[in-house]
Amino acid sequence: MKNLGNMLKQAQQMQSRMQEMQAKLEATEVEGAAGGGMVKVRLTGKGDLRRVTIDPSLMNANEREVLEDLLVAAHADAKQKVEATMAEEMQKATAGMSLPPGMKLPF
C-alpha cells in the first residue's frame, strides 16, 4: 500500500506540473519564418495563429504563388517549434515519474 500512496502522490504532482505547463504554453509564442525572413508567422504554444508578417516586396500579383508557398513553409516552421517546445515542457512536467513501457503522455 505504501507504493500505491507514493504513486498517487506522484500523480498529483504530475497533474500540478501539467497544469503549469498548459498555462506556460498558452503564454508562449514562437515564430516561424520562410524566404529568408520575408514571411513570418507567430503561433502560441497551443498552435493558435497570432500574427503574419509579409515583406512588402512580395505584395504583387506576380508573386502570389511564392507568397502562398512561403506562408505554408513559415507555418510549418512555427508548428515544428511549437511541437519541440511542447515536448520539452512535457519532459519537464513528467520528470521523475516512471511510466510503464510504451505509455505516453498526455493520455
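Figure 1. Strands are paired here if DSSP finds at least two bridges between them; strands (E, at least two residues) and helices (H or I, at least four residues) are DSSP runs numbered from the N terminus. The model is predicted, so that local features need pLDDT of at least 70 and side-chain atom pairs count only at pLDDT 80 or more, while totals for chains, interfaces and linings use all residues. Residues are numbered from 1 along each chain as its sequence is written, and side-chain values use heavy atoms, with hydrogens and water left out. Strand β1 (residues 29-34) runs antiparallel to β2, and 6 bridges join the two. Within this pairing, V30 stands opposite L43 of β2. The hairpin of β1 and β2 has 4 residues between its strands, and G35 takes a positive phi near 65°.

**Figure 2. Strand β3 and its hairpin with β2.** Strand β2 (residues 39-44) is joined to β3 by 5 bridges in an antiparallel arrangement. R42 is placed opposite R51 of β3. The hairpin formed by β2 and β3 also has 4 residues between the strands, and G47 in its turn shows a positive phi of about 95°.

**Figure 3. The network of salt bridges at R42.** A salt bridge is a side-chain nitrogen of Lys or Arg within 4 Å of a carboxyl oxygen of Asp or Glu. E29, E31 and R42 are linked in a network of such bridges. The N to O distance is 3.7 Å for E29 and R42. This pair links distant parts of the chain, with E29 in strand β1 and R42 in strand β2, 13 residues apart. For E31 and R42 the N to O distance is 3.4 Å. Here too, distant parts of the chain are linked: E31 belongs to strand β1 and R42 to strand β2, 11 residues apart.

**Figure 4. The salt bridge between E26 and K46.** The structure holds 6 salt bridges. In the one between E26 and K46, the closest N and O atoms are 3.9 Å apart. E26 lies in helix α1 and K46 in the loop between β2 and β3, so the pair ties together parts that are 20 residues apart in sequence. K46 is partly exposed, with 40% relative accessibility.

**Figure 5. Helix α2 and its buried residues.** Helix α2 (residues 64-93) contains 30 residues and spans 43 Å from its first C-alpha to its last, close to the expected 44 Å, which is 1.5 Å times one less than the number of residues. Its buried residues are L67, L70, A74, A78, V82, E89, M90 and A93. E89 counts as buried because its relative accessibility is 10%. Leaving out residues up to four places away in sequence, E89 touches M21, K24 and L25 (contact means heavy atoms within 4.5 Å).

**Figure 6. A nonpolar surface patch around M7.** L4, M7 and L8 form a nonpolar patch on the surface, with about 300 Å² of accessible area together (Shrake-Rupley method, 1.4 Å probe; for residues, only the protein chains shown count as cover). Patches are made of residues with over 30% relative accessible area and no salt bridge, joining nonpolar side chains (Val, Leu, Ile, Met, Phe, Trp, Tyr) within 5 Å and like charges within 9 Å. M7 is located in helix α1 (residues 2-27). At 48% relative accessibility, M7 is partly exposed.

Definitions and conventions: Buried < 20%, exposed > 50% of the residue type's maximum accessible area, 1.4 Å probe, protein only.
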